[in-house]
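Here is a short report on a pair of chains. Have the sequence and the model open as you read.

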Amino acid sequence: MNLFGNAVPWRSIAKEALERTAIVTRFLCLLHVTNTYICTPTLVYGPSMLPTLNLTGDVLLAERVSHRLGKVRPGDVVLVRSPVDPRKSLTKRVVAMGGDKVTFVVDPRNSDRVRTITVPRGHVWIQGDNIYASRDSRQFGAVPYGLVEGKILCRVWPLDGFGLLHH
Amino acid sequence: MLPTLNLTGDVLLAERVSHRLGKVRPGDVVLVRSPVDPRKSLTKRVVAMGGDKVTFVVDPRNSDRVRTITVPRGHVWIQGDNIYASRDSRQFGAVPYGLVEGKILCRCILMCIVASIVCIKRTPCSPMQVWPLDGFGLLHH
């Protein structure tokens with residue numbers, strides 16, 4: 001029996017495989033575009049945003065449209081690329097925008113010393129909600145606005161914290 | 001960025017893969033989001049990476065004063081090739097690596113000609129500027 005005869009329909013198998021690959025490729029492209037330009041889920045963990053976010057990890061929905069339109073305001077929780085380690089992203093709260101004066105406690109564990117700084121133009125001042133255990137602008141200074149990657153919309157997981165973040 | 005790039009405008013090809021893999025080295029011309037105005041992108045040359053010491057002339061028009069600075073970790077020091085007319089790290093300090101958006105590969109002479117024909121640029125480049133094709137290809141210092 002001829003292997004390339006009518007027994008095995010190679011042509012239609014190849015055609016179907018190609019069509020399925022095309023569908024998967026299109027889906028992956030759509031996923032990539034959505035994650036980069038519209039909104040994306042992110043896993044965040046760490047003690048620096050207690051009690052707003054959990055220590056052991058939350059899945060948050062971050063939208064990536066507002067920061068391109070310049071609609072980031074003090075009080076927003078944002079996703080920011082770390083100025084110290086460019087491979088990491090941080091989740092912190094924006095306390096002041098460029099041009100504002102910001103007053104902060106330099107080292108709350110050890111002293112009550114307070115400093116006031118004017119945030120340079122084009123920069124933002126970010127701080128974790130848990131100032132006792134957060135590496136933020138108090139250590140590495142104001143962060144250029146170009147490092148802001150997204151604004152946190154709401155929490156998706158765990159389900160008992162589902163919804164908008166409360167201050 | 002004279003004399004590497006033209007005063008009247010250039011169309012360059014920027015690739016966006018290397019900076020994600022961390023393959024940016026001193027001497028590369030990079031596309032960087034401005035730390036002072038986040039709506040603009042700058043094209044400057046990387047002079048030093050994080051951890052290196054960089055020595056630069058603070059204000060070459062007025063004095064010969066030289067300063068040496070250690071670039072903080074996770075930052076890059078960028079300078080324009082024309083230090084007399086460049087706003088770069090000498091004014092706004094080291095730039096976080098996360099602001100690097102791409103590495104310049106080459107200049108597209110054909111696109112420069114097309115752009116001048118359809119009057120995209122403010123000043124069209126004259127035919128004398130593009131022939132001989134010594135500007136085509138990889139940028140040299």
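Residues 117-157 of chain A are 10% helix and 46% strand, with end C-alpha atoms 36 Å apart. Helices (H or I, at least four residues) and strands (E, at least two) are DSSP runs, numbered from the N terminus. This is a predicted model, in which local features need pLDDT of at least 70, side-chain atom pairs count only at pLDDT 80 or more, and totals for chains, interfaces and linings use all residues. Residues are numbered from 1 along each chain as its sequence is written, chains are lettered from A and ligands numbered from 1 in the order in which they are written, and side-chain values use heavy atoms, leaving out hydrogens and water.

An unreviewed UniProt entry places "domain: Peptidase S26" on residues 24-104 and 117-157 of chain A. The annotation, from an unreviewed entry, also covers residues 1-56 and 69-105 of chain B. Positions follow the numbering used here, feature names are shortened, and annotations may be inferred rather than shown by experiment.

The other annotated spans are set out below.

| Span | Helix | Strand | End C-alpha distance |
|---|---|---|---|
| Residues 24-104, chain A | 22% helix | 36% strand | 50 Å |
| Residues 1-56, chain B | 7% helix | 38% strand | 16 Å |
| Residues 69-105, chain B | 11% helix | 41% strand | 29 Å |

Now chain B as a whole. It has four helices and nine strands. Along the sequence they run β-α-β-β-β-β-β-α-β-β-α-α-β. Of its 141 residues, 45% are buried (under 20% relative accessible area; exposed is over 50%, partly exposed in between; 1.4 Å probe, protein chains only). Take the contacts in chain B (heavy atoms within 4.5 Å) between residues at least 6 apart in sequence: 55% of them join residues at least 24 apart. Chain B exposes about 8,300 Å², and carbon and sulfur atoms supply 58% of that area. Accessible areas come from the Shrake-Rupley method with a 1.4 Å probe; for residues, only the protein chains shown count as cover.

Helix 3 of chain B spans residues 109-117, and its buried residues are Ile109(B), Cys112(B), Ala115(B) and Ser116(B). Seen down the helix axis, these fall within an arc of 120 degrees, so they line one face of helix 3. The arc is that of the directions from the helix axis to the C-beta atoms. Leu110(B) and Ile117(B) are exposed on the face turned away from the buried side.

Last, the interface. Chain A gives 11 residues to the contact and chain B gives 11 residues. About 940 Å² is buried between the two chains, with 70% from carbon and sulfur atoms. Buried area is the accessible area (1.4 Å probe) that two parts lose on being put together, summed over both.
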